[in-house]
Every structure is written in C-alpha cells, then in structure tokens.
Protein chains: 2
Amino acid sequence: MTPDDIAGFFATRADLNLDDYIELDFTFECAGDPRAAAAHLASEQSTAQWRRVGVDEDFRPRFAAKVIDLRAEPQPIGFSVPVACAAPGEVFSCRATIAHPHGNFGPRIPNLLSAVCGEGVFFAPGIPLIRLEDIRFPLPYLAAFEGPQFGLAGLREQLKAFDRPIFFGVIKPNIGLPAAPFAELGYESWLGGLDIAKDDEMLADIPWCPLKERAAALGAARCRAEQETDTPKIYLANITDEVDRLADLHDLAVAAGANALLVNAMPVGLSGVRMLRRHAEVPLVAHFPFIAAFSRLAGYGIHSRVLTRLQRLAGFDVVIMPGFGPRMMTPEREVLDCVRACLEPMGPIKPCLPVPGGSDSAATLEGVYRRLGSADFGFVPGRGVFGHPMGPRGGAASIRQAWEAIAGGIPLDRHAATHPELQAALAAFAAPHTSPRAA
Amino acid sequence: MTPDDIAGFFATRADLNLDDYIELDFTFECAGDPRAAAAHLASEQSTAQWRRVGVDEDFRPRFAAKVIDLRAEPQPIGFSVPVACAAPGEVFSCRATIAHPHGNFGPRIPNLLSAVCGEGVFFAPGIPLIRLEDIRFPLPYLAAFEGPQFGLAGLREQLKAFDRPIFFGVIKPNIGLPAAPFAELGYESWLGGLDIAKDDEMLADIPWCPLKERAAALGAARCRAEQETDTPKIYLANITDEVDRLADLHDLAVAAGANALLVNAMPVGLSGVRMLRRHAEVPLVAHFPFIAAFSRLAGYGIHSRVLTRLQRLAGFDVVIMPGFGPRMMTPEREVLDCVRACLEPMGPIKPCLPVPGGSDSAATLEGVYRRLGSADFGFVPGRGVFGHPMGPRGGAASIRQAWEAIAGGIPLDRHAATHPELQAALAAFAAPHTSPRAA
C-alpha cells in the first residue's frame with residue numbers, strides 16, 4: 001500500500017457515525033511499519049480491493065474498516081512466540097482499535113464472526129500474532145438481537161432465590177450411570193439444598209442413558225424434591241446435539257420435566273443457539289468446551305470475554321465459564337472480565353448469570369464471593385457435591401452451610417464445628433483458592 | 001490419583017475393541033509426572049469420577065478414555081510459552097495417543113467436538129499447553145455420517161474438467177458492488193477461462209447486494225458464459241448466514257442460478273453444515289474463517305488437519321484452506337497435511353477437493369502444482385484474476401495460459417512471450433512462492 005492507501009484506512013471517532021460501526025480492540029505483534037500493518041488489518045477484514053480495474057471508484061468511505069487508535073512499541077526480542085511471518089523488519093508490540101462497518105455483514109452471528117475472527121484478522125500481512133481483546137456494539141446493532149429471554153432476573157424469579165448465589169451441581173459420575181440412579185443423585189442433591197442439578201456437558205442423548213428417560217426420571221425427582229422442600233428446583237438437561245435436533249430435544253426434555261437446558265455453545269455454534277433461543281420455553285445455559293483452544297494464550301487468539309459477550313448476545317440466560325483457582329489456568333482478571341461481560345449494561349440485551357466454575361466445593365465458595373464482591377453469580381461444584389464423603393445430600397448441605405457462614409459473617413471453621421457436612425467438606429477438599437490472590 | 005487410579009487409564013491397542021474408539025494424537029507440555037498428566041487427560045475427557053460415593057463400581061472399563069501411547073522428554077527451559085499451571089514440578093514435552101470410546105457421545109458433531117476439544121482436553125491438571133494434532137475414526141463411526149454428496153469426482157463431472165486443477169476466482173472488489181456490475185465481473189472471468197466464480201467469504205445476503213438479486217444476475221451471466229464457451233461453469237454463492245436461514249437461502253440461490261454454495265464452516269458451525277448437507281442439491285464449499293485462531297501456533301490449540309477432516313465428515317465437497325506462501329503464515333507441511341486429509345481414504349466418506357489459497361495468480365500456479373505433485377486441487381486467486389491489469393477476462397486467461405505451459409512442459413517465461421495476459425500477470429504480481437521451499 002502507498003502512504004495514501006494507508007491513510008484511507010485511518011479515521012477518528014469524530015469522522016464516523018459510530019452507530020454504523022462495531023469497535024474491535026486488538027493487541028498484535030507486527031514486523032515492519034505498524035501503521036502499514038494496522039491499515040492492512042483494517043483493509044483485509046473489509047474491502048481489500050476497493051476499486052475495479054479501470055474504474056474510478058473508492059469503496060473505502062462506506063465499506064472500509066478504519067483504524068481509530070494505534071499505539072506501537074518496539075519489541076527488540078522479536079516475536080514472543082516463534083511463528084512464520086512474510087514481512088521483514090523490526091518487530092513492534094501494538095494495540096489498535098478498529099471501527100468496522102456492520103452494514104458490511106448485518107446482525108448475523110456467522111457473518112459477524114467471519115468479519116471479526118476471520119481471514120482478514122488472522123492473515124493480515126505483517127501480523128502473525130494477534131489477539132481480539134474486546135468488542136463493542138452500537139445500540140442499533142444490539143437492537144437486532146433477542147438476547148437472553150429470562151436473564152439473571154428471570155432465573156432468580158423462577159427459583160425465588162434473591163440476594164444470594166445460585167447453587168448448581170454437576171451430577172457425577174458424569175458418564176456411565178443409567179437414568180434411575182442418576183436421578184436419585186439429583187434428588188439427594190436438591191434435598192441437601194442445591195437449586196439446580198445439572199447434566200455434565202459431556203452427557204448427551206445416548207442409548208445407555210437416553211435424554212427422554214433421564215429427563216422423565218429427573219423431572220419426577222425434581223417434583224418430589226420441590227414438594228418436600230417447598231422450594232422451586234431446576235433440572236438442567238444437556239441437549240447438546242446436532243442443531244437440527246435441538247428444537248425436538250428441547251420439547252422432549254421440557255415435556256418430561258427439565259426446566260432449563262444446557263448447550264455447549266461453540267460445539268453447537270452460536271447461530272444454532274440463537275435459533276434455539278427463539279423456540280425456547282425455559283432458560284438456556286452455556287457451557288464452555290472449545291473456547292480455551294483459542295483464548296488461553298496472552299498473545300494470540302481471542303479473549304474469552306469476547307465469547308462471553310457473544311454468548312449473551314446469542315441468547316444464553318446463564319454462562320458457565322472457567323473460574324478461579326489454578327486448576328482452571330485462567331488469570332483472575334480474565335475471569336472478572338467475563339463476569340462483568342455478563343452483568344454490565346448492553347443496551348436492550350438482558351444481563352445473564354455468570355457461573356465461574358472449576359473444582360469448587362464448600363471450601364472455595366467464600367473465595368469466589370470475595371473476588372466477585374457480589375452474590376450475582378452461580379456456583380457449580382461437581383465432585384464438591386457428588387464426591388462429598390457423606391454423599392450428594394451432605395455435599396449440597398455443605399455448600400449451603402458455607403453460604404450461611406459467609407452471609408452471617410461467621411468464620412467458616414467455627415460454623416463447621418456445629419455442621420458436620422461443612423466440616424467433612426473442608427476436610428475432604430483441598431482449598432486451592434480459598435483466599436483472594438493478586439491478579 | 002493413586003498409581004492404581006493412573007493404571008486404570010492406560011491400555012494397549014490389543015486390550016481394546018478398536019471399532020469402539022476414536023484415536024486422538026496430542027502433543028503437550030506438562031509439569032510433574034507425565035504418566036499422571038496423561039491419565040488426567042484421559043480421565044477428564046471421559047469419566048472423571050468413575051464411581052458413586054459408597055458404591056462399589058468402576059465405569060472405567062467401558063467409559064474411560066485410555067492412554068495407548070506416551071512419550072515424554074524433559075524440557076529444561078520450562079514451558080515454551082508463559083502460562084499459568086496448577087501443578088508444580090519438572091516440565092516435560094510429551095506426545096500421547098488417547099483412545100476415546102465414541103459410545104460416550106455418539107456420531108454427533110457437537111458432542112464429538114465437546115469430547116475432543118473440550119474442558120477435559122484443555123483443562124487437564126498439569127497440562128497448560130496442549131495441541132490436538134490428529135484424529136482417526138473407526139469405520140463404524142464413519143458409517144454414521146453422510147460426508148460429501150458429490151465430492152471431488154462429482155465436482156469434476158459437473159464441470160467436465162478432468163486431469164487438471166479446478167480454476168476458481170474470488171470476485172473483487174469483494175465488498176461494495178451491487179449485483180449487476182458484480183455479475184459482469186463474474187461473466188468476464190468465465191469467458192477468460194475460470195471454472196468457478198465465487199463470492200468472497202465476507203459477502204453475505206446484504207441490502208446493498210441481496211443474495212436473490214446477486215444469484216439471479218450471476219446465474220444469468222453463467223448461462224450466457226456457458227453458451228458462449230460451450231463449457232460448464234459454476235457460480236459459487238456465499239450463503240453464510242444464521243443456521244435457520246441456510247435451507248431457504250440454499251433454495252433461493254439455487255433457484256436463481258447458483259450451482260454451488262459457500263459456507264464459512266466454523267462461524268456457521270459444522271453441525272449447521274451437516275444439516276444443510278442433508279438438504280443440499282449442489283456442492284458445498286467450505287471457507288476457513290476462525291480456524292487460524294486456534295491452529296496457528298505449533299504448541300497450543302488444534303492442528304488444522306483435524307478441522308479439515310471434520311469439514312469433510314460434515315459433508316463439504318470442497319475445502320478452501322490457507323495455502324502456500326509466506327502470506328498465509330502456514331508451514332508447508334501443514335498445508336500438505338490438510339490437502340491429504342481431503343483426499344486420502346476415509347472409509348465410506350468421499351474425497352473432497354482441497355483448495356489451498358492465498359495471494360495466488362498465474363505466477364504461483366506452478367509452485368502449488370509442484371508442491372502437491374498432483375492436479376487434484378482447486379486454485380483460487382482473487383486479485384490475481386480480478387486485479388489483473390487487463391481485467392478479469394485477462395486475469396482468468398493468464399491462469400489458463402500458465403496451466404497450458406505447465407501441462408505442456410513449457411517454461412512459463414517462454415509461454416508468456418506469446419501470451420500477453422500471462423506476461424502481464426507475471427509482471428504485475430510478485431511471485432513469493434513460485435518455487436518450492438523446504439518445509
């Protein structure tokens with residue numbers, strides 16, 4: 001590109017009608033002139049050839065993505081990760097914000113993903129290492145999406161659970177049990193105090209535990225538990241499957257007694273989720289397989305909060321995400337970014353419930369609560385409830401006892417002295433992230 | 001895990017009925033004992049808690065994934081990329097093969113992805129860096145999939161083009177032109193010798209160039225071009241959109257004259273593609289947005305050949321992929337791996353046409369052909385045809401002239417002396433990968 005070509009891909013916010021643009025924050029490492037690299041990044045994701053041969057025209061004013069902010073610093077060590085790069089020259093570490101005209105593709109999730117995570121972004125000349133750090137949408141774009149149907153407030157209303165975390169549990173063993181004993185575990189966990197007993201994200205509609213049988217068994221167990229505890233409960237059935245089965249599995253599971261549904265967001269595809277959202281009669285819950293494959297590394301890929309925002313946009317009422325603690329290998333700041341992406345204002349799109357999870361138990365609840373500084377979260381132990389030495393009823397009770405202590409300002413150890421389930425949980429489960437650590 | 005627990009996740013191929021397992025090749029870096037890390041990797045992706053509390057049972061024999069091969073070497077420099085890891089201890093660089101029982105999830109793409117690219121793989125304790133390098137399916141699993149409807153052979157038959165590459169071109173400017181002049185460019189490129197004129201992967205069903213108008217204009221132009229050249233041609237329309245619109249857009253585009261359809265595989269979701277495959281009357285062509293976000297780095301993510309295999313399994317007849325040359329930042333060996341994944345035997349699943357692309361022109365055709373050692377590929381210039389100094393008809397002619405020279409054993413330069421379109425192409429386009437380079 002000539003200097004004039006490059007200038008055609010730069011603008012200031014004041015130059016633009018911001019309602020027409022989504023904004024993308026990138027970090028990247030480039031070889032050669034950062035201004036040329038940023039112009040290529042804008043060009044390749046929008047109108048890379050902006051005129052026909054022999055025709056005097058320029059599609060850039062309306063159709064080009066524009067660099068609206070760029071900061072670059074020399075990085076004398078070269079690229080931080082070994083990688084092939086076409087461009088020669090000095091290496092720079094850069095931050096850029098690109099305004100991308102959403103009229104190029106419209107309010108469609110697959111076309112949005114193609115624009116912001118596609119060839120233009122990951123194959124811009126001179127930029128072998130790049131990470132999409134964040135995304136912002138203008139109101140007119142958001143207004144074209146449905147977003148969560150129930151959202152955080154709707155889920156709290158369904159459970160009549162206000163001013164405290166929502167207590168989930170992943171029924172374990174996750175794989176291998178037939179429906180009847182599987183339902184018995186769920187029943188025990190509800191009696192112990194769980195709000196939501198859920199299928200593991202790996203448990204599908206499978207011959208050795210068909211969804212129809214499982215939902216019927218769990219649905220009946222849920223009704224018994226609701227009567228015995230006089231409290232609303234949720235059976236969260238995993239309907240992750242081929243997209244053309246989602247509506248049927250929704251109907252089947254809901255008719256049998258499931259009153260919320262789990263979908264593995266990226267494996268199914270966010271567009272499939274949006275389709276299901278239009279059909280759904282119950283809250284939809286996202287699980288996170290595949291996301292770490294492109295979000296873990298600091299210098300390459302897509303920050304997980306971008307996916308959190310997109311899951312909310314696609315219509316999930318709840319987003320389960322990697323949580324705190326070394327087991328989940330996610331920086332504390334990133335977990336907080338994702339939690340915030342669920343809760344913060346997003347135009348007409350309702351807030352959804354964040355569920356930062358991973359190796360949780362009664363021993364980790366306080367740490368999660370202190371880090372978040374709010375009770376607007378879901379807590380989702382697996383073995384912390386279903387591997388509890390006193391079984392799932394005791395495991396669930398230990399979680400509720402931990403919350404009683406936290407809410408009452410009672411030290412956990414002291415509360416445990418009079419609550420054997422809590423005591424057993426604290427003894428059984430290591431507490432790798434009981435106290436907050438620095439981000 | 002105890003030594004006994006760990007042993008429960010190891011097996012040899014001779015121990016297993018291999019028809020019941022998919023095989024996964026991983027490379028990873030772990031902290032601490034590699035055998036324990038590999039056992040966790042198998043456990044977390046299958047049955048992480050294999051018995052109920054207080055019940056004498058073991059779900060591992062039927063439901064556990066098993067480590068069937070493990071090689072580990074100390075890596076004294078520590079992790080190759082800075083990353084948080086729960087486990088302490090010496091760092092090892094490892095290769096492992098895991099046999100995963102597909103009965104755990106069945107022949108469903110979202111559940112397959114959840115198993116092999118999910119939480120179990122990317123959050124196995126002690127393994128912060130891991131890459132899924134390859135995947136192999138047993139025949140009974142493959143038999144449950146439809147795969148390509150037409151495949152390589154069907155596409156060749158449709159075009160009556162045998163024993164040579166298939167010549168595609170991406171109509172440019174890709175974004176901004178209304179239907180009529182856009183169709184004119186396609187018409188010119190067909191007359192010049194393209195087999196397939198295609199929409200850019202970023203061009204959607206958009207108000208300033210609606211798919212219906214575009215397909216009608218291109219469909220009519222295609223018929224004229226077929227009559228004038230007495231040769232079958234293809235207009236490849238991009239119907240990438242929300243999954244619940246795919247069938248309607250298929251019908252609309254095909255009725256208007258599109259005779260192959262482009263879908264951005266990962267943005268739409270492979271399951272959405274499989275659904276479309278069951279409905280499709282024309283070949284389906286995959287484009288590659290999003291894949292680089294998790295496949296570029298050598299030490300983390302998912303090797304792109306895994307996605308190539310899954311795209312073929314989902315039913316694509318053609319897979320466009322990052323090709324040779326520094327611009328595409330993909331190691332030559334990886335391109336060859338992906339090409340092979342399209343063509344090699346895969347039980348009942350037909351071969352599909354590989355299209356390794358990126359900044360191609362008449363100057364790069366010979367290099368691509370020599371590297372592949374076969375004419376079973378598609379060649380997909382964009383600006384190399386539509387940015388040719390003599391326009392798209394000249395650009396397309398330059399590609400065919402380059403092939404004439406290659407097929408006839410004539411040096412390109414000598415052929416160019418009597419073929420002005422070829423000469424102009426060689427002069428206009430840099431040839432960054434004319435001659436093969438080492439992988």
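A: B:M329 sits in the loop of chain B between β11 (318-322) and α15 (332-343). Helices (H or I, at least four residues) and strands (E, at least two) are DSSP runs, numbered from the N terminus. The model is predicted: local features need pLDDT of at least 70, side-chain atom pairs count only at pLDDT 80 or more, and totals for chains, interfaces and linings use all residues. Residues are numbered from 1 along each chain as its sequence is written, chains are lettered from A and ligands numbered from 1 in the order in which they are written, and side-chain values use heavy atoms, with hydrogens and water left out.

Start with the backbone. Phi of B:M329 is positive, near 50 degrees, and the residue is not a glycine. Most residues other than glycine have a negative phi, and most peptide bonds are trans. B:M329 is buried, at 5% relative accessibility. Buried means under 20% relative accessible area, exposed over 50%, and partly exposed in between (1.4 Å probe, protein chains only).

B:D230 also has a positive phi, about 55 degrees, without being a glycine. Its loop runs between α9 (211-229) and β7 (234-238) of chain B. B:D230 counts as exposed, at 71% relative accessibility.

Next, the peptide bonds. In chain B, a cis bond links B:K172 to B:P173, with omega near 0 degrees. B:P173 falls in the loop between β5 (166-170) and α8 (179-192) of that chain. In chain A, A:K172 and A:P173 are joined by a cis peptide bond, with omega about 0 degrees. The loop holding A:P173 leads from β5 (166-170) to α8 (179-192) of chain A.

That brings us to α8(A). This helix has 14 residues and spans 20 Å from its first C-alpha to its last, close to the 20 Å expected at 1.5 Å a residue. The expected span is 1.5 Å times one less than the number of residues. Of its 14 residues, 10 are buried, so α8(A) is largely enclosed by the rest of the structure. Among them are A:F182, A:Y187 and A:W190. Elements covering the buried residues include β6 (196-198), α9 (211-229) and α18 (391-408) of chain A; contact means heavy atoms within 4.5 Å. After α8(A) comes A:G193, with a positive phi near 130 degrees.

One more buried site: A:L41, in helix α2 (residues 34-44) of chain A, has 0% relative accessibility. Leaving out residues up to four places away in sequence, A:L41 touches several residues, including A:F26, A:F28 and A:I98.
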